[in-house]
Amino acid sequence: MITLAIAASLLIGVLLGILGGGGSMLTVPILVYLAGQDTNQAITTSLFVVGVTSLAGLISHARAGRVRWRTGALFGLAGMAGAYAGGRVAAYIPDSVLLITFALMMLATAAAMLRGPRKTPHQANCEPHRLLPQGLAVGAVTGILGAGGGFLIVPALALLAGLPMGIAVGTSLLVIAMNSFAGFAGHIIGAHLDWSLALAVTAAAVLGSLIGGRFAGRIPQHTLRTGFGWFVVAMGLFVLSRQTGPAVLAAVPAIVARLLFQRRHAPHTDVPPRAVAPAPAPATRR
């Protein structure tokens, strides 16, 4: 099972490299159900893995000019305060509550992914008073649940800072790394970490992030979001059923129907409309 957990960590890295998030929310279930860690230990390990992996994935995006350092640092500094506080609070929350909350966040995130990004202005001014509260809230989620919050950060950077999606993805990796290390600092106090497993999972995830970074921008984001969105739905329902019993599976048809309805009525913004060539001017007789 440990080997399977390390292999699954490649997926974490690939998704972080391509989408700027998503893989981090799989780290905790992988460590709990494949590596056999308890919830708090898995969250602590997850924050370390995601922090290092995000830094590795950031390199290729930075080289391609897809990182806005000032915006990311501003958002990340607010997030670090929330992540550290969240990490300290998480120690007082029961494991079952953490996992149920985590599963519900996975379902909410999947719904946002399947809905797709909304159109945003590409050159909106970055207003600090709008970024700071959002960064603080995302950081708190990161610290408590051990998820990097990439799919909360990317929409925030696109909507509040007006970044194009490609740059929002690259910038989000900087924020995820800052949040993850702050959350890790809040969790590591009094926690026992299996460093051999943590380093093995991190090495696999870093390799995946380097692979994902090379493919970023080449694979249609809509295709990736759709496939991964349904995968997150399945994972969220699995974690929820493990904590609440199989009765929760009775709600699956309603959840799937709702997501399909939402997806059918969602605008697709990944592919820009084709420019219509102007009609040729009529020839004039001399």
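**Figure 1. Asn179 within helix H8 of the predicted model.** Asn179 is placed in helix H8. The residue is buried, its relative accessible area being 0%.

**Figure 2. Helix H8 along its length.** The helix is built of 24 residues. From the first C-alpha to the last, H8 reaches 33 Å, close to the 34 Å expected at 1.5 Å a residue. Of the 24 residues, 19 are buried, so H8 is largely enclosed by the rest of the structure. Asn179, shown in Figure 1, belongs to this helix and is itself buried.

**Figure 3. Packing of helix H3 with helix H8.** H3 covers residues 39-63 and H8 covers residues 165-188. Their axes come within 8 Å and cross at roughly 150 degrees. Angles over 145 degrees count as roughly antiparallel, and H3 and H8 are therefore roughly antiparallel to each other. The crossing of the two helices is left-handed. Residues of the contact of H3 with H8 comprise 15 nonpolar and ten polar, with no charged residue.

**Figure 4. Packing of helix H3 with helix H9.** H9 runs over residues 195-215, and its axis and that of H3 come within 8 Å. The axes cross at roughly 30 degrees, which makes H3 roughly parallel to H9. H3 passes H9 in a right-handed crossing. On the H3 side, the contact is formed by Thr45, Phe48, Val49, Val52, Thr53, Ala56, Gly57 and Ser60. These meet Trp195, Ala198, Leu199, Val201, Thr202, Ala205, Val206, Ser209, Leu210 and Gly213 of H9. By class, eleven of the residues in the contact of H3 with H9 are nonpolar, seven are polar and none is charged.

**Figure 5. Helix H9 and its buried residues.** H9 has 21 residues. Its reach from first to last C-alpha is 30 Å, close to the 30 Å expected at 1.5 Å a residue. Leu197, Ala198, Val201, Thr202, Ala204, Ala205, Val206, Gly208, Ser209, Gly212 and Gly213 are the buried residues of this helix. An α-helix has 3.6 residues a turn, so residues three or four places apart point the same way. Among the buried residues, Ala198, Val201, Thr202, Ala205, Val206, Ser209 and Gly213 also take part in the contact with H3.

Figure 6. With a relative accessibility of 0%, Gly13 counts as buried. Thr53 is one of the H3 residues in the contact with H9, and Ala205 and Ser209 are among their H9 counterparts. Gly13 and Val206 lie 193 residues apart along the chain, and their C-alpha atoms are separated by 5.7 Å.

**Figure 7. Phe231 of helix H10.** Phe231 is found in H10, residues 221-244. The residue is partly exposed, with a relative accessible area of 35%. Not counting residues up to four places away in sequence, Phe231 touches Leu11 and Leu26. Phe231 and Ala110 are 121 residues apart in sequence, and the distance between them is 8.3 Å, C-alpha to C-alpha.

How values were computed. Residues are numbered from 1 along each chain as its sequence is written. This is a predicted model: local features need pLDDT of at least 70, side-chain atom pairs count only at pLDDT 80 or more; totals for chains, interfaces and linings use all residues. Side-chain values use heavy atoms; hydrogens and water are left out. Axes are lines fitted to C-alpha atoms, for helices over the stretch in contact, and angles run from 0 to 180 degrees between N-to-C directions. Helices (H or I, at least four residues) and strands (E, at least two) are DSSP runs, numbered from the N terminus. Angles under 35 degrees count as roughly parallel, over 145 as roughly antiparallel, 65 to 115 as roughly perpendicular and the rest as oblique. A crossing is left-handed if the near helix is turned anticlockwise from the far one by less than a right angle, and right-handed if clockwise. Ala, Val, Leu, Ile, Met, Phe, Trp, Tyr, Cys and Pro count as nonpolar, Asp, Glu, Lys and Arg as charged, and the others, Gly among them, as polar. The expected span of a helix is 1.5 Å times one less than its number of residues. Buried means under 20% relative accessible area, exposed over 50%, partly exposed in between (1.4 Å probe, protein chains only). Contact means heavy atoms within 4.5 Å.
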